[in-house]
Amino acid sequence: MILSPSLLSADCGNLAQTLRELEQAGVKWVHWDVMDGHFVPNMTFGQHVIKGLRPASGLFFDVHLMIEQPERYLADFKAAGADMLVVHAESTGHLQRTLAEIRRLGMKAGVALNPATPLCVLDYVLDDVDMVLVMSVNPGFGGQKFLPATFRKVAELRAKLNAAGRSDCLVQVDGGVNLENTKALTEAGADVLVSGSAFFGHPPFSERYAAFMAAAGC
């Protein structure tokens, strides 16, 4: 299991230090929630913040674009230092082309699905994705309550990917992830878990990271 702490819940005044501490704690990925105030009712980091902090960290930058028409900014986020770009299926009219362009630029490509979005939207892009993000809350704000229907959706997604010969495609879950639901999520088929307040609200990072890994049975 990969834990990708969400910087949405971190101390935004000390992000460079936070990134260094995460790396020292053994964390490998970090999750950037990019919001534009249109696709979701909030605004957060942009490509300029990510670019400014890229030199401070060797972590894998998992960048979640909760923005309208993400295809307009793919090259900007590549230049900023993103390792993976995840776009919402609901945010673009040309999902396959957007995913192909992310890969052409040299990044991993991911698709995010809102809680009410069915898995069938993936049917014709399974060859173009490296990860599928299942939203376990409605996107836009941190600290929301986990939606229980996520367990079934994750299990169905993992079965769908395996049946399509894409067992290599990662399944990520974001929203309300904590120590109590980590084991059930990984057993359902999740490979990558995003945790914000349940991670950053319980320092030190090394101990909290170890607790998540233990909960996942790693």
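In helix α1, which spans residues 15-24, the residues Leu-15, Thr-18, Leu-19 and Leu-22 are buried, where buried means under 20% relative accessible area, exposed means over 50%, and partly exposed lies in between, with a 1.4 Å probe and protein chains only. These residues cover an arc of only 100° around the axis, so they sit on the same side of α1; the arc is that of the directions from the helix axis to the C-beta atoms. The buried residues of α1 pack against β1 (2-5), β2 (29-35), α2 (47-53), β3 (60-66), α7 (197-200) and α8 (205-215), and contact here means heavy atoms within 4.5 Å. Just after α1, Gly-26 takes a positive phi of about 100°. The names of these elements come from DSSP runs, numbered from the N terminus, with helices being H or I runs of at least four residues and strands being E runs of at least two.

This is a predicted model, in which residues are numbered from 1 along each chain as its sequence is written, and local features need pLDDT of at least 70, while side-chain atom pairs count only at pLDDT 80 or more. Totals for chains, interfaces and linings use all residues, and side-chain values use heavy atoms, with hydrogens and water left out.

How do the axes of α5 and α6 cross, and at roughly what angle? The axes of helix α5 (residues 150-163) and helix α6 (residues 179-188) come within 8 Å and cross at roughly 25°, where axes are lines fitted to C-alpha atoms, for helices over the stretch in contact, and angles run from 0 to 180 degrees between N-to-C directions. That makes α5 roughly parallel to α6, since angles under 35 degrees count as roughly parallel, over 145 as roughly antiparallel, 65 to 115 as roughly perpendicular and the rest as oblique. In this pairing, Thr-150, Phe-151, Val-154, Ala-155 and Arg-158 of α5 meet Asn-181, Ala-184, Leu-185 and Ala-188 of α6.

At the start of α6, a side-chain oxygen of Asn-178 reaches to within 2.9 Å of the backbone nitrogen of Glu-180. Helix α6 is followed by Gly-189, whose phi is positive, near 130°. The C-alpha atoms of Glu-180 and Val-129, which are 51 residues apart along the chain, are separated by 29 Å.

**Single residues in strands and loops**

The table gathers the relative accessible area of some residues.

| Residue | Relative accessible area | Class |
|---|---|---|
| Ser-91 | 4% | buried |
| Gln-69 | 40% | partly exposed |
| Glu-180 | 68% | exposed |
| His-31 | 0% | buried |
| Val-192 | 0% | buried |

His-31 has its place in strand β2, and its side chain makes a polar contact with the side chain of Asp-174 at 3.3 Å. A polar contact is a pair of N or O atoms within 3.5 Å; within protein, one must be able to donate a hydrogen and the other to accept it, and residues adjacent in sequence count only if both atoms are side-chain atoms. Not counting residues up to four places away in sequence, His-31 touches several residues, among them Ser-4, Asp-62, His-64 and Val-194.

Val-192 lies in strand β8. The C-alpha atoms of Val-192 and Ile-2 are separated by 4.6 Å, although these residues are 190 residues apart along the chain.

Ser-91 is found in the loop between β4 (84-88) and α4 (95-104), and a polar atom of its side chain lies 2.8 Å from the backbone oxygen of His-88. Leaving aside neighbours within four places in sequence, Ser-91 is in contact with Phe-39, Ile-67, Glu-68, Gln-69 and Pro-70. Gln-69 itself lies in the loop between β3 and α3 (74-80), and has a positive phi of about 45° although it is not a glycine.

Finally, a cis peptide bond joins Pro-203 and Pro-204, with omega about 0°, and Pro-204 has its place in the loop between α7 and α8.
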